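These are my notes on the model you sent.

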Amino acid sequence: MVKVFLVEDESIIRRGIRDNIDWESHGFEFVGEAGDGEYAYPLILKEKPDILITDIRMPFMSGIELARQVREVRPATQIAFLSGYDDFAYAQQAIQYNIISYLLKPISMTDLTAELLEIRKKLDHLFEELQAKQKEQTNLNDFVTTLLLDHYQPGSSEEREKRLWRRAESCGLVKSRGIQEEKPSYVVLTTMLLDTQGNNITIREN
């Protein structure tokens with residue numbers, strides 16, 4: 001479930017959004033609401049929403065200031081501004097806080113639901129990208145570890161070379177042999193220092 005928190009100083013609008021969207025059936029969980037940014041902030045820290053919908057002009061703490069503070073502690077939270085003021089200056093301020101959506105009141109529940117679904121798609125895409133990067137980093141760490149320790153592993157030089165090549169391919173550092181791809185490729189060079197007797201002196205012992 002994607003968690004949603006709502007901040008809106010007009011209680012009629014806040015209740016209308018809260019009560020007239022079928023949150024669960026669309027894959028959302030409505031985790032809280034507040035009438036101003038000052039009251040909302042500690043609740044947001046507690047509930048950790050994935051999406052924050054907030055009005056811009058509110059008493060005590062504006063949506064702009066709330067967005068700034070939330071960005072500092074929860075950069076992954078997606079923020080959508082809801083405002084009755086079609087003011088370009090506000091839109092400019094929204095951009096600097098990486099606002100995912102700028103919605104103008106009045107807005108129908110159908111349009112708001114559609115916008116939330118679009119935001120969820122973007123969240124899913126960001127999550128997939130994060131997983132891919134984590135997998136790539138894990139593979140790269142495994143490769144580097146193997147690269148550093150490979151001379152301790154059994155097998156001939158040819159066998160070790162094949163083993164390292166397979167590791168490099170799995171990390172995407174080199175192309176598969178015989179396959180031409182339009183993507184950056186890398187060359188990995190390793191060295192081993194030997195003394196006159198053929199002993200490995202790459203690692204110096206104290």
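1. Which helix gives the most to the lining of the second largest pocket? In this predicted model, that helix is α5 (residues 109–149), which contributes five residues to the lining.

2. The volume of the second largest pocket comes to about 290 Å³. Its lining is made up of 12 residues, and those closest to the pocket centre are Asp50, Ala76, Leu123, Leu126 and Phe127. Sorted by class, the lining residues are seven nonpolar, three charged and two polar.

3. The largest nonpolar core has 19 residues, among which Phe5, Leu52 and Leu66 touch the most other members. At least two residues of this core come from each of β1 (2–7), β2 (28–34), α2 (37–47), α3 (63–73) and β4 (78–83). The most is given by α3, with four residues. As background, nonpolar side chains in soluble globular proteins tend to be buried together.

4. Leucine 52 deserves a separate entry. With neighbours within four places in sequence left aside, leucine 52 is in contact with Phe5, Val7, Ile44, Leu66, Val70, Thr77, Gln78, Ile79 and Ala80. There is also a second, separate core of 17 residues, including Val4, Leu6, Leu103 and Leu123.

5. Next, helix α1. The buried residues in α1 (residues 11–20) are Arg14, Gly16 and Ile17. They lie on the same side of α1, because the arc they cover around the axis is only 165°. Ile12 and Asn20 are exposed, and sit on the face of α1 turned away from its buried side. In general, an α-helix has 3.6 residues a turn, so residues three or four places apart point the same way.

6. Is arginine 14 buried or exposed? Arginine 14, a residue of helix α1, has a relative accessible area of 15% and is therefore buried, the cut-off being under 20%. Apart from neighbours within four places in sequence, the residues in contact with arginine 14 are Leu6, Glu8, Asp9, Glu33, Ala34 and Gly35.

7. Finally, the loop between α1 and β2 holds glutamate 24. Glutamate 24 counts as exposed because its relative accessibility is 61%, and the cut-off is over 50%. The C-alpha atoms of glutamate 24 and methionine 1 are 7.9 Å apart in space, while the two residues are 23 residues apart in sequence.

Conventions:
Residues are numbered from 1 along each chain as its sequence is written. This is a predicted model: local features need pLDDT of at least 70, side-chain atom pairs count only at pLDDT 80 or more; totals for chains, interfaces and linings use all residues. Side-chain values use heavy atoms; hydrogens and water are left out. Buried means under 20% relative accessible area, exposed over 50%, partly exposed in between (1.4 Å probe, protein chains only). The arc is that of the directions from the helix axis to the C-beta atoms. On a 1 Å grid over the protein atoms alone, a cavity is a set of points where a 1.4 Å probe fits but cannot get out, and a pocket is an open set with protein on both sides within 12 Å along at least five of seven lines; lining residues have an atom within 4 Å of a point. Grid points are joined across faces, edges and corners, and a volume is the space filled by probe spheres set on the points. Ala, Val, Leu, Ile, Met, Phe, Trp, Tyr, Cys and Pro count as nonpolar, Asp, Glu, Lys and Arg as charged, and the others, Gly among them, as polar. Contact means heavy atoms within 4.5 Å. A nonpolar core is a set of buried Ala, Val, Leu, Ile, Met, Phe, Trp, Tyr and Cys residues joined through side-chain atoms within 4.5 Å.
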